[in-house]
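Here's a quick briefing on the model below. Take a look at the fold before reading on.

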Amino acid sequence: MISRDAKIVNTIGLHARPATFFIQKANSFKSSIWVEKGDCRVNAKSLLGVLSLGIVKDTVITIIADGPDEEAAIEGLCSLISGGFSD
């Protein structure tokens with residue numbers, strides 16, 4: 001199991017369209033993936049779960065992955081975030 005912090009840099013945060021991109025990317029990996037904001041942890045492959053966190057610009061989240069492709073999952077999701085979801 002590995003984790004990494006990521007700062008949301010796009011202007012609208014992790015809402016609607018960016019969240020959909022995030023979920024699609026998370027679902028492309030076999031590993032179990034979670035997103036943490038504060039004391040809340042949700043399944044990164046669940047749109048409702050991710051949206052429920054209310055992640056806005058400049059929020060720092062923690063991405064946690066556990067499984068056979070955990071490193072690729074963390075790298076892929078962090079790259080998507082740092083690129084402003086333009087990927």
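Predicted model: local features only at pLDDT ≥ 70, side-chain atom pairs only at ≥ 80, totals over all residues.

Contact, as used here, means heavy atoms within 4.5 Å. Residues are numbered from 1 along each chain as its sequence is written, and side-chain values use heavy atoms, with hydrogens and water left out.

**Overall layout**

- The chain has three helices and four strands, with helices (H or I, at least four residues) and strands (E, at least two) taken as DSSP runs and numbered from the N terminus.
- Reading from the N terminus, the order is β-α-β-β-α-β-α.
- The radius of gyration is 11 Å, close to the 12 Å that the globule rule gives for 87 residues, so the chain is as compact as a globular protein of that length. That radius is taken over C-alpha atoms, and the rule is 2.2 Å times the number of residues to the power 0.38.
- Along its principal axes, the C-alpha trace spans about 35 × 30 × 20 Å.
- Buried residues make up 41% of the 87 in the chain; buried means under 20% relative accessible area, exposed over 50%, and partly exposed in between (1.4 Å probe, protein chains only).

**The nonpolar core**

- In soluble globular proteins, nonpolar side chains tend to be buried together.
- A nonpolar core here is a set of buried Ala, Val, Leu, Ile, Met, Phe, Trp, Tyr and Cys residues joined through side-chain atoms within 4.5 Å.
- The largest such core has 25 residues, and F22, I33, V35, I61, I63 and I81 touch the most other members.
- α1 (16-27), β2 (32-37), β4 (60-66) and α3 (70-82) each put in at least two residues of this core, and α3 gives the largest share, with six.
- Setting aside neighbours within four places in sequence, I63 is in contact with I2, S3, R4, A6, F22, I33, W34, I74, L77, C78 and I81.

- A6 sits in strand β1 (residues 2-7) and is buried, at 8% relative accessible area.
- Beyond its neighbours within four places in sequence, A6 is in contact with T59, V60, I61, I63, C78 and I81.
- The C-alpha atoms of A6 and T62 are 6.2 Å apart, although 56 residues separate them along the chain.
- I74 belongs to helix α3 and is buried, with a relative accessible area of 2%.
- Again leaving out neighbours within four places in sequence, I74 is in contact with I2, S3, R4, I63, I64 and A65.
- From I74 to F21, 53 residues away in sequence, the C-alpha to C-alpha distance is 15 Å.

**Helix α1, inside and out**

- α1 has twelve residues and reaches 16 Å from first C-alpha to last, close to the 16 Å expected at 1.5 Å a residue; the expected span is 1.5 Å times one less than the number of residues.
- Which residues of α1 are buried? They are P18, A19, F22, I23 and A26.

**Cysteines**

- The whole structure has zero disulfides, a disulfide being a pair of cysteine sulfur atoms within 2.5 Å.
- For C40, the nearest cysteine sulfur is that of C78, 19 Å away.
- C40 is partly exposed, at 42% relative accessible area, whereas C78 is buried, at 9%.

- Most residues other than glycine have a negative phi.
- A16, in helix α1, has a positive phi near 40° and counts as exposed, at 52% relative accessibility.
- D58, in the loop between α2 and β4, has a positive phi of about 75° and counts as partly exposed, at 43% relative accessibility.
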